[in-house]
Amino acid sequence: MMNVLDIRGLTKKFDDFVAVDNISLTIREGEIFGFLGANGAGKSTTINMVSSLLRPTSGEIRILDKDIMKQSRFAKLNLGIVPQDLAIYEDMTAYENVSFFAGLYGLRGSQLKERTLEALEFVGLSDKAKSFPKNFSGGMKRRLNIACAIAHKPKLIIMDEPTVGIDPQSRNYILTSVRKLNESGCTIIYTSHYMEEVEEICSRIAIVDHGKIIAEGTKEQLKSTITDVKNIRIELKSAIGAEGEKLKSIPGVRTVHQEENIIHVHSDAAVDNLNRILKQLMEDDKEIRSVEEQEPNLETVFLTLTGRNLRD
Amino acid sequence: MNILSIALKEIKQDFRDRRTLLFLLVFPIVLMLILGLALTNAFSSDVSIGDLKVVVKDATGGGELSQAFTTFTKEVGKTGVVFESLQPGENGREEVENNRYTDYVELTNQGISVYGSSRDPIGSNIVQGMLASFTDKYNAAAAVARIEPAKTEMVFAGGKQDYIKELSVDPDRTPGSIDYYALAMTVMVAMWAAMPAGGLIQREIGRGTAVRLVTAPVRKSEIFIGKILGGIVTNLLCVIVIILFSKYVFKAYWGSHMGIVLVVLVSEVVMAMSLGLAGGYLLKGAASRGIISLVVQLMSFFGGAYFPIGNDSGGGFMGFLVNLSPIRWANRGLTQVIYGNDVSAAWPVVGINIGFAALFLGASMIMMRRREGL
C-alpha cells in the first residue's frame with residue numbers, strides 16, 4: 001500500500017515558540033487517520049502546513065510521494081480540505097459554492113456540472129442545490145462544507161472538526177459520509193474533540209502534545225500501552241462540587257474528571273485505593289449510585305499520556 | 001481561466017449585495033439632483049464661451065513668447081474669448097477674485113502662470129485647457145529653436161491649425177450645476193472603488209473561504225488579479241449607469257468624447273481599487289475600512305465632489321490639498337475633454353492614475369507574497 005502522506009522532521013516556529021517540533025508521520029492509502037491533541041498542541045499547525053496554509057520552518061511533507069513545496073500544484077490537486085470554520089459563501093447557492101471551488105481544480109463544462117451534482121448528492125443536499133446557505137441549518141452548512149472539498153475527488157481529505165456544533169442526526173450523517181468516502185478510496189485525516197467519534201471511525205491514531213507526536217498506532221495498540229492505569233467511573237445521586245478535588249489527594253489518584261454527577265478517576269493500577277475514594281465521597285455526604293472499573297479507552301489513553309482532557 | 005472564475009464570482013457577489021449597490025448608485029444620483037438644484041445659482045450657468053474674459057500681464061518685454069501669445073489670442077479671440085491687457089495700477093488676482101475676469105495670465109521670460117477663478121471653475125478650466133495647448137506648442141517650438149532655429153517658424157505655422165482644432169469649444173454650451181455634479185459624482189463613485197477594495201482580501205479571511213482559495217491549485221496572483229478584475233467591472237458598471245442616468249434623465253452634458261471620458265474613469269477605478277487594496281494590506285483588521293473610507297471622503301471633499309473648492313493654481317495650503325486629490329485631477333482633465341474638446345488633457349490624468357495603480361498594486365503584491373496564507 002502506498003504512502004499518501006509522508007512527513008519528515010517537520011518543525012514550525014513562530015519567533016521563539018516551537019509550535020511543531022520535529023514531527024515525522026506516515027499515512028497510508030485507505031486509512032482514516034485520527035489526529036488528536038488539545039488546543040495549542042500543534043495539531044492545527046501541522047494540518048495547516050500539510051494544506052500549504054503555513055510554510056514549515058524545516059522538514060519535508062510529501063503527498064503521494066511528491067514534495068508539496070516543489071510540486072505544490074500536484075499536491076493541491078490531490079488534497080481536499082474541510083476546515084473547522086465553515087468555508088462557504090452565504091450569498092451563493094449550494095450549487096454555485098461547490099461549482100466555484102471545484103472549478104478552481106480545473107474541472108470545466110459537463111464534468112464540472114456532473115461532479116458538483118454528485119458532491120451535493122453525496123452530502124444529501126441535491127434538493128437544496130439552488131438554495132442559499134444563509135437559510136441552512138448548522139448541519140446542512142457542515143455538509144455543504146464537505147461537498148466543497150470532495151467534488152474534485154481528492155486522494156487525501158483533511159477533516160478538521162467536521163461535526164462541531166451540530167445536531168446528532170447531522171453528525172451521524174457526516175460520520176457515515178466519512179466512511180463512504182473512505183470506502184470509495186479516499187484517505188482521510190480526521191480531527192475531533194469527540195473522542196468517541198475518533199474511536200468509532202479511525203483505523204490509526206496519533207496523539208500530539210506540545211508540538212510532538214507522543215503516541216501513534218491503532219486504538220488497540222494505544223490502549224495496550226496503558227497497563228498501569230485504572231479508570232474508575234462513579235455515578236452519584238447529585239452533582240458534585242469542589243469536593244471532587246479532595247479525591248486528588250488520595251494516594252495513587254492521577255486525575256479526576258467531573259461531568260455533572262459522574263466522576264472519572266484515573267489512578268495507578270497498582271494502588272488499591274477504591275475504598276478510600278468511596279469513603280471520601282461518603283464523608284462529603286454524597287450518595288453513590290454505581291461504581292464501575294472500566295477498560296481503558298482513548299480518553300484514558302489521552303489523559304494518561306498528556307495529563308489533560310482533550311477538551312481542556 | 002481561474003482569474004475569470006474568481007472575477008465572475010466577485011461580480012456575482014457584488015451585484016447580490018443590494019445594500020452596497022444601492023449606496024453606489026442611488027446616493028450619488030440623489031446627491032447630484034439635490035446639489036445640482038440647490039446650488040444652481042452658485043454656478044455661472046449663463047456663462048457662454050463668449051463671456052470668458054482673460055486679463056493678461058505681459059512682462060516679457062516683447063520677446064518670442066509674447067509674439068506667440070499674441071498670435072494665440074488672435075486665434076482664440078475668434079471663438080469669442082476676450083483677452084485684455086492688465087492696466088497699470090490693476091492687480092490681476094484681485095480682478096479675478098472680484099469676478100471681472102475668468103483668469104489672470106502672467107507672461108514672463110520664465111514662462112506663463114495662470115490664476116483661475118474659483119467662482120467659475122468650468123470657465124476657468126476651459127481657458128486653462130486652451131493655455132495648456134498653447135504652452136505645449138510653445139515648449140515644442142522652444143525645443144526646436146534650441147536645435148534648429150530655422151524650423152521654429154514651421155512649428156508655429158503647423159501648430160496654428162492644430163491649435164484651432166483643439167479650441168473648437170461648443171459656443172452654445174452653457175455648463176450648469178447639474179453638468180458639474182454629473183461629472184463630480186461620477187468621478188467620486190469611481191474613487192469609491194477604494195472602499196470595498198480595502199476589504200477584498202479581508203472579507204475572504206473573515207468568511208473562512210481564504211483557506212479554500214489558498215489550498216486550491218491557484219496561484220496567489222490569480223486570486224489577486226481575479227478579485228481586482230471583478231471589482232473593476234462592478235465599479236465601472238456603476239459608473240456607466242450613473243453617466244447614462246445623468247445624461248438621459250438629468251440631461252447633463254458629457255461632450256462628444258465619451259470613449260476618452262470612459263478611459264479616464266477606468267484609470268480612476270483601477271487606481272482607486274489599487275489604493276484600497278494596498279491600504280487593506282497595510283492597515284490590517286477592521287480599522288482599515290474606516291480609514292480608507294475617511295481618506296476617500298477627504299479626497300471627495302477636496303476634489304470638489306460636493307462643491308467647487310479652492311483654486312489649484314492659487315497655491316497655499318488649500319491649493320496643496322486640492323491638488324492632492326485624484327478626484328480633482330480627473331475632474332479637471334475631464335472638464336477640459338468635455339468642454340474644451342481637449343482630448344490631450346485626458347492622458348496626463350490616465351498616466352498619473354495608472355502610475356499610482358502600478359505602485360499600489362506592486363506594494364500589495366509584495367506584501368501578499370510575504371504573507372502566509374492570503
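Chain B exposes about 16,400 Å², and carbon and sulfur atoms supply 62% of this area. Accessible areas come from the Shrake-Rupley method with a 1.4 Å probe; for residues, only the protein chains shown count as cover. The model is predicted: local features need pLDDT of at least 70, side-chain atom pairs count only at pLDDT 80 or more, and totals for chains, interfaces and linings use all residues. Residues are numbered from 1 along each chain as its sequence is written, chains are lettered from A and ligands numbered from 1 in the order in which they are written, and side-chain values use heavy atoms, with hydrogens and water left out.

Chain B contains 16 helices and 4 strands. Helices (H or I, at least four residues) and strands (E, at least two) are DSSP runs, numbered from the N terminus. Of the 374 residues in chain B, 52% are buried. Buried means under 20% relative accessible area, exposed over 50%, and partly exposed in between (1.4 Å probe, protein chains only). Contacts (heavy atoms within 4.5 Å) were also examined by sequence separation. In chain B, 78% of the contacts between residues at least 6 apart join residues at least 24 apart.

The contact between the chains involves 29 residues from chain A and 26 residues from chain B. Together the two chains bury about 2,400 Å², with 56% of it on carbon and sulfur atoms. Buried area is the accessible area (1.4 Å probe) that two parts lose on being put together, summed over both. On the chain A side, Leu53(A), Tyr89(A) and Leu104(A) lose the most area to chain B, together 26% of what that side buries.

The interface holds 2 salt bridges. A salt bridge is a side-chain nitrogen of Lys or Arg within 4 Å of a carboxyl oxygen of Asp or Glu. Glu96(A) and Arg16(B) meet in a salt bridge through their side chains, at 2.7 Å from N to O. On the side of chain A that touches chain B, helices H2 (72-77), H3 (94-103) and H5 (138-150) of chain A are the elements that give two or more residues. H3(A) provides the largest share, 4 residues.

Over all chains, the structure has 26 salt bridges. Glu216(A) pairs with Arg204(A), the closest N and O atoms being 2.9 Å apart. Glu216(A) is partly exposed at 37% relative accessibility, whereas Arg204(A) is buried at 9%. In chain B, Glu204(B) and Lys9(B) form a salt bridge at 2.6 Å, N to O. Glu204(B) lies in helix H9 (residues 200-207) and Lys9(B) in helix H1 (residues 2-16), 195 residues apart. Both residues are buried. They belong to a network of salt bridges that links Lys9(B), Glu10(B), Glu204(B), Arg207(B) and Lys227(B).

Backbone angles were also considered. Most residues other than glycine have a negative phi. Asp15(A), not a glycine, has a positive phi of about 55°. Asp15(A) sits in the loop between strand E1 (3-14) and strand E2 (17-28) of chain A. Its relative accessible area is 75%, so Asp15(A) is exposed. Glu161(A) also has a positive phi, near 50°. The loop that holds Glu161(A) runs between strand E7 (156-160) and helix H6 (168-183) of chain A. Glu161(A) counts as buried, at 1% relative accessibility.
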